[in-house]
Amino acid sequence: MGSARSVCSFMSVPSRPGDVSGVLRWWRTVVESEMGGPGYFFSATKLRLLHSKTAIAAVDNEFSFRNFTDGSQGVKLGGEEFVSRLLDRRWTLADPDTKISKVTFSNADTNLENSPASHLCLAVDTNSCTFNDVSRTDYQEQSFYVVRDDLLHPLINGNKARKLDGVLPLIEDNSVTDVVTCGGCQSAHAAATAVLCAERGLRSHLLLRGEQPELLTGYNLISTIYGNVTYVPRAIYANREKMLKSQADLVAGSSDGIIWFDDIFPSSLKKQACSTNSVQIDYDFNRRARKHGRKVIVINEGAGDAVALLGLIRLVKYLSQDHLLGKQRAVKFVVDAGTGTTAVGLGLGALCLGLPWEVTALMLADKIDGYKQQEKRLISEFRKYFGYPADLGNNVVNGAVVNWVERFHPRKFGNVLDGEVETCRQIAQKTGILVDPIYTLAAWEMASFLSQKGAKTNADVVVLLHTGGTLGMFGLAQRYKSYFNDLKNVFPY
C-alpha cells in the first residue's frame with residue numbers, strides 16, 4: 001500500500017487543466033510525495049495508473065475522478081452520500097433483493113466448543129425477516145439469520161453473483177468480446193462467469209486447474225456447457241498472472257485488443273454514473289466483434305478485483321434498510337472466505353455506511369497473513385478508484401475491516417473430514433437449507449457457535465451470508481464416494 005494519504009487525493013489540484021505542462025508537473029509532484037520520492041516514481045513507470053495511456057489522458061481521467069468523489073458542488077461526500085453515488089450505476093442483478101431465514105436451536109446443549117451445529121437445530125422460519133423480527137429477538141434464544149443468496153439464481157448464486165454484479169455492465173460498456181478467467185476444476189466462479197457471459201453474447205475462456213474428470217458434473221459441467229474450458233497442469237497454474245496473460249494473448253490473436261480493469265476504471269466512473277438499466281447492449285458476438293474488433297479482458301481468480309466489492313456494498317446497503325436488519329442493531333456477520341473478497345466487501349460497506357456490524361470470515365484457502373495482505377490490497381485499490389467517505393479517517397480506512405478466524409477444524413483447502421457430509425445432510429433435512437462441507441458448513445458452524453454464545457451473554461444478532469456453491473456437492477460426491485455412500489438415515493423408522 002502507499003502512504004497514509006490516498007494516491008487519488010486531489011484537494012490541491014489545479015482548477016482546470018488549461019496548462020498541460022503545469023498539470024503534468026503537479027501530477028508528478030503528487031505521485032512523488034505519495035510514493036516516497038522521485039526515485040520510486042521513475043522506477044514504477046509501469047504502474048497501471050498510466051498503463052497504455054498518455055499522461056494527458058490519465059490526468060483527464062483523474063479530473064473526472066475528483067468530480068465523482070467531491071460531488072458536483074465541490075463538497076466532500078459523507079458515508080450515505082458516498083455510497084449512493086458509488087452505487088448509481090448499472091448492475092448485472094436487476095435488484096439486490098434476497099431472502100432472509102431464521103434458524104432456531106434448542107437450549108438443551110450448552111457445549112459451545114464442540115457443537116458445530118446440526119443436532120441442535122429446532123426450527124427454521126423461511127419467511128423474510130423484518131426489522132421488528134430482529135429487534136424482538138429473545139436474547140436467551142439461540143438463533144441466527146441466514147441471508148439466502150444461494151437462491152439468487154439456479155446456476156449463478158451466492159457471492160459469485162454478488163461479485164460479478166458490478167463487473168459485467170463495466171465489461172459491456174467497453175465493448176469487450178471475450179473474457180478470460182480461471183479457477184479450480186469445480187470453480188463456481190468460472191461457471192458463473194461462463195453463464196453470465198453467454199447470456200450477454202460474450203465468449204468466456206476458462207482455465208481450470210488440473211486434469212479433466214472422467215465424468216463432468218456440477219460446476220465443471222456447467223463451465224463446459226456455457227464456456228470454453230482448458231485444463232491447465234498445476235505447475236503452470238501456479239503462476240496465475242502469466243497463465244492468464246498467455247491465454248488472453250492467444251484469444252486476442254493479432255488484434256492486440258487486451259484490456260485490463262485498471263485501464264477502463266477511470267473512464268467507467270463517468271460512464272457508469274447512471275442507474276438506468278435501459279442502456280442498449282449488443283448481444284450478438286459476431287456483430288460486436290466485426291464492429292469493435294476482438295477485445296479481451298481478464299478477470300482474476302474468484303473475481304478478486306476491487307470492482308467485485310461494489311456488489312457486496314450494494315448488498316450491505318440493501319440489508320441495512322429499516323424494514324430488514326436496520327442501521328442501529330449490532331450485527332455479527334459471518335461468511336466463509338475463499339479469496340476473501342466477499343468479506344472485505346461486506347466490511348467495507350458496513351464501514352462506509354457507519355453500521356455497527358462486525359464481519360467474521362472463516363479462513364479456508366490461506367493463512368491469516370495472506371488474507372490480511374489481500375484485504376489491504378483490495379482496500380488500496382478501492383480507494384485508488386473510488387475514494388472513500390470524507391468523514392472516515394485514513395487510519396480507519398487503512399485498518400482491518402474483517403475479523404479473520406480459523407474454522408473449527410482446520411485442514412488443507414478442499415479436504416472433507418469424516419462426518420461432515422452427514423452433518424450437511426442433517427442440516428438440509430431439518431432446515432431445507434443446503435450447505436457444503438468445503439465452504440458454507442464452516443460459516444454455519446461459526447454462526448451456530450456465536451448464536452449459542454450470544455444467548456448466554458446478551459450479545460449481537462448473528463447473520464450468516466449463504467455464499468451458494470451448492471452445485472459443488474456433485475464434484476464432492478465424485479471425490480469422496482465413501483462419505484456419500486455411507487449416508488445414514490437421521491431418524492429411526
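**Exercise 1. What percentage of the 493 residues in the protein chain is buried?**

Before we start, a word on the model: it is predicted, so local features need pLDDT of at least 70 and side-chain atom pairs count only at pLDDT 80 or more, while totals for chains, interfaces and linings use all residues. Residues are numbered from 1 along each chain as its sequence is written, and side-chain values use heavy atoms, with hydrogens and water left out.

*Solution.* Step one is the cut-off: buried means under 20% relative accessible area, exposed over 50%, and partly exposed in between (1.4 Å probe, protein chains only). Step two is the tally, and buried residues come to 55% of the 493.

**Exercise 2. Find where Ser-223 sits and decide whether it is buried or exposed.**

*Solution.* Start with the place: Ser-223 belongs to helix 9, residues 218-226. Helices (H or I, at least four residues) and strands (E, at least two) are DSSP runs, numbered from the N terminus. Next, check the accessibility: Ser-223 has a relative value of 1%, so it counts as buried. Finally, look at who touches it, where contact means heavy atoms within 4.5 Å. Setting aside neighbours within four places in sequence, the partners of Ser-223 include Ser-187, Ala-190, Leu-206 and Val-229.

**Exercise 3. Describe how helix 15 and helix 16 pack.**

*Solution.* Two packed helices are described by the angle between their axes and the distance between the axes. Here helix 15 (residues 341-353) meets helix 16 (residues 368-386) at about 55 degrees, and the axes are 10 Å apart. Axes are lines fitted to C-alpha atoms, for helices over the stretch in contact, and angles run from 0 to 180 degrees between N-to-C directions.

Now name the arrangement. Under 35 degrees is roughly parallel, over 145 roughly antiparallel, 65 to 115 roughly perpendicular, and the rest oblique. Helix 15 and helix 16 are therefore oblique to each other.

Last, go for the residues. From helix 15, Thr-341, Val-344 and Leu-348 meet Gln-374, Glu-375, Leu-378, Ile-379 and Phe-382 of helix 16. Sorted by type, the residues of this contact are five nonpolar, two polar and one charged. (Ala, Val, Leu, Ile, Met, Phe, Trp, Tyr, Cys and Pro count as nonpolar, Asp, Glu, Lys and Arg as charged, and the others, Gly among them, as polar.)
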